[in-house]
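User: I am new to this one. Please show it to me, and then let us go through it step by step.

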Amino acid sequence: MNWIRVHLMMQLDSFALDAAFSAPPVGVTALFGPSGSGKTTLLRCIAGLERAQGWLRVHGEPWQDEKTFMPVHMRPLGYVFQEASLFPHLSVRANLEYGLKRIPLSERKVPLEQVVEWLGLSRLIDRKNPALLSGGERQRVAIGRALLTSPRILLMDEPLSALDSNSKQEILPYLERLHRELNIPMLYVSHAMDEVTRLADHLVLLDKGKVLASGALGETLARLDLPTAHFDDAGAVIEAAVAQQDEKYHLTRLDFAGGFLWAGKVDQPFGTRVRARVLARDVSIATQAPQGSSINNILNARIEEILDEGPDKVIVRMKVGDSQTLLSRITRRSRDHLCLVAGMYVCAQVKSVALMA
Amino acid sequence: METGLNPEDIQAVWLTLKLASVTTVLLLLIATPLAWWLSHSRKWYKGLVSAVVALPLVLPPTVLGFYLLLVMGPQGLVGELTSALNLGRLPFSFAGLVIGSVVFSLPFAVQPIQNAFEAMGPRPLEVAATLRANAWDRFVSVALPLARPGFLTATILAFAHTVGEFGVVLMLGGNIPGETRVLSVAIYSHVEAMEYGAAHLLAGGMVLFSFLVLLGLYFAGGKLGGVSK
């Protein structure tokens with residue numbers, strides 16, 4: 001499988017974009033960074049909407065190098081802008097079919113009915129005026145319109161940021177569904193940690209036009225040398241499967257490599273893959289298995305690294321089992337009282353587990 | 001004093017409508033690419049071109065007509081070209097009037113279209129490009145339909161402005177019935193000959209026509225603000 005390989009440079013007003021990274025040819029790669037870090041510009045350069053220096057290969061095909069610059073309309077991509085940007089002079093159906101009509105029949109791999117089903121568009125498709133749709137509905141049509149060109153890569157520029165939180169919650173399940181059912185890699189620009197942890201598999205961290213880190217989501221979020229570990233909502237991402245239902249107490253056991261967690265009831269059949277998030281601030285540490293604790297989830301862990309975070313706090317990276325990382329934010333005093341050092345075996349008490357899907 | 005339109009006046013009305021129609025069609029053909037270029041170019045001489053296009057807005061029509069007469073006359077650049085190509089003389093001909101009218105009304109066609117192209121911004125065209133539309137396809141399937149109000153305004157303004165023009169016609173075409181005697185000149189002649197009844201009929205018709213044009217413009221939702229006169 002050919003990875004998406006990027007090295008693009010461009011002089012911007014306040015800094016130079018100089019971004020090199022590779023993204024896997026499957027799943028969602030998040031381009032994550034603060035506002036003004038150049039992520040949208042980078043995505044526009046990848047689409048060919050801006051002309052950067054450098055090179056870009058997608059699925060082994062050169063889209064840009066010293067000699068070539070493939071024009072936007074020749075690149076087999078789908079692009080979803082921050083604002084839905086539906087064509088106001090076309091009906092919803094004509095908007096959806098705009099790109100579909102422009103690709104040869106032999107390349108049409110995504111049928112209209114499928115997209116209508118995936119994105120719940122059946123009640124919208126016969127509407128005449130796209131301006132009368134709600135923000136969330138418009139964005140769903142825009143995503144469908146992009147998908148119907150049967151793109152080999154889907155580029156999304158903060159597709160949820162212009163929406164209110166209700167519309168966001170309305171769209172996220174659709175995006176997750178695309179993530180599961182669609183065999184198209186996605187580059188997803190976002191500055192919202194909750195979207196990234198929900199959707200992404202791979203993370204490219206950007207700051208001032210440079211790539212700080214690029215790697216699998218869980219591993220990268222667990223790196224204490226990156227700013228993401230020091231956000232208030234820093235935490236670990238756990239890929240787990242539904243293993244057991246406790247009907248009496250309305251809980252679900254989620255198994256992951258290295259242990260299990262009890263979470264609020266997940267109405268999914270046995271074996272369903274779910275993604276859970278455990279925030280660093282919700283994990284406390286005990287040197288011995290606590291007696292008579294109200295906390296349901298106590299995991300055996302090994303401390304790998306402890307880093308000071310300001311005058312009163314430290315962040316602790318632990319490993320549960322062979323591969324699962326957990327972060328914990330505790331006070332410096334606790335660290336000293338418990339004499340915590342790297343290599344120690346401890347009990348990680350998880351106060352709350354957030355299910356992403 | 002005679003009332004009612006004489007055959008010469010009717011001829012003038014038809015000639016005026018013909019001149020306005022031909023001019024409007026030519027103007028749309030010229031103004032569309034020009035407006036596109038003006039709304040998208042970042043060349044340093046864009047300001048220069050804009051100024052030249054807008055010049056007829058501020059120049060007295062007699063000045064414009066005077067120079068057009070010189071350029072198209074036997075000693076003028078264009079005049080020498082047309083006589084070398086055996087196309088005959090331009091001044092005092094219908095073709096000369098068309099050229100004069102096109103120059104005179106150019107800003108009225110260019111500015112509304114340019115404003116419409118600028119108002120839509122780059123986004124719709126970018127979206128179309130990501131949906132596999134090439135440059136020409138984007139222009140036809142997105143830019144033109146979105147600029148429709150601008151085209152409507154341009155058409156109506158160019159037509160109406162040509163119908164009402166006087167100074168340029170007088171300088172360039174004089175008063176030859178059936179060839180260059182348009183409505184505004186006919187009214188002038190009637191007034192000079194003290195035929196106020198005939199002048200009233202034509203002038204009143206012009207007032208009514210102009211009013212209907214403006215009414216149509218406002219109902220069509222086009223903006224007159226597109227022209228800065």
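Analyst: One term comes before the sheet: two strands pair if DSSP finds at least two bridges between them. The model shown is predicted.

User: What is the strand order of the open sheet of five strands in chain A?
Analyst: Pairing in this sheet is antiparallel. Its edge strands, β15 (283-286) and β18 (324-331) of chain A, each pair on one side only. From one strand to the next, the twist averages 45°. The order is β15-β19-β16-β17-β18.

User: Where is the kink in α5(A)?
Analyst: Helix α5 of chain A covers residues 165-181. End to end, from first C-alpha to last, it reaches 25 Å, close to the expected 24 Å. A kink of about 25° comes shortly before the proline A:Pro173, at A:Ile171.

User: Which helices do the buried residues of α5(A) pack against?
Analyst: Those buried residues are A:Lys168, A:Ile171, A:Leu175 and A:Leu178. Residues three or four places apart on an α-helix point the same way, because there are 3.6 residues a turn. The buried residues of α5(A) pack against chain A's α3 (112-118), α4 (135-147) and α6 (193-199).

User: How many residues of chain B are in contact with chain A, and how many nonpolar residues are on chain A's side?
Analyst: Chain A brings 16 residues to the contact, and chain B brings 13. Chain A's side has five polar and two charged residues. The answers are 13 residues of chain B and nine nonpolar residues on chain A's side.

Definitions and conventions: Residues numbered from 1 in each chain as written. Chains lettered and ligands numbered in written order. Predicted model: local features only at pLDDT ≥ 70, side-chain atom pairs only at ≥ 80, totals over all residues. Helix = DSSP H or I, 4+ residues; strand = E, 2+ residues; numbered from the N terminus. Expected span 1.5 Å × (residues − 1). Bend = angle between axes of the 7 residues up to and from the residue. Buried ≥ 20, exposed ≤ 12 C-beta atoms within 10 Å, placed from the backbone. Contact = placed C-beta atoms within 7 Å. Nonpolar A, V, L, I, M, F, W, Y, C, P; charged D, E, K, R; others polar. Axes fitted to C-alpha atoms, helices over the stretch in contact; angles between N-to-C directions.
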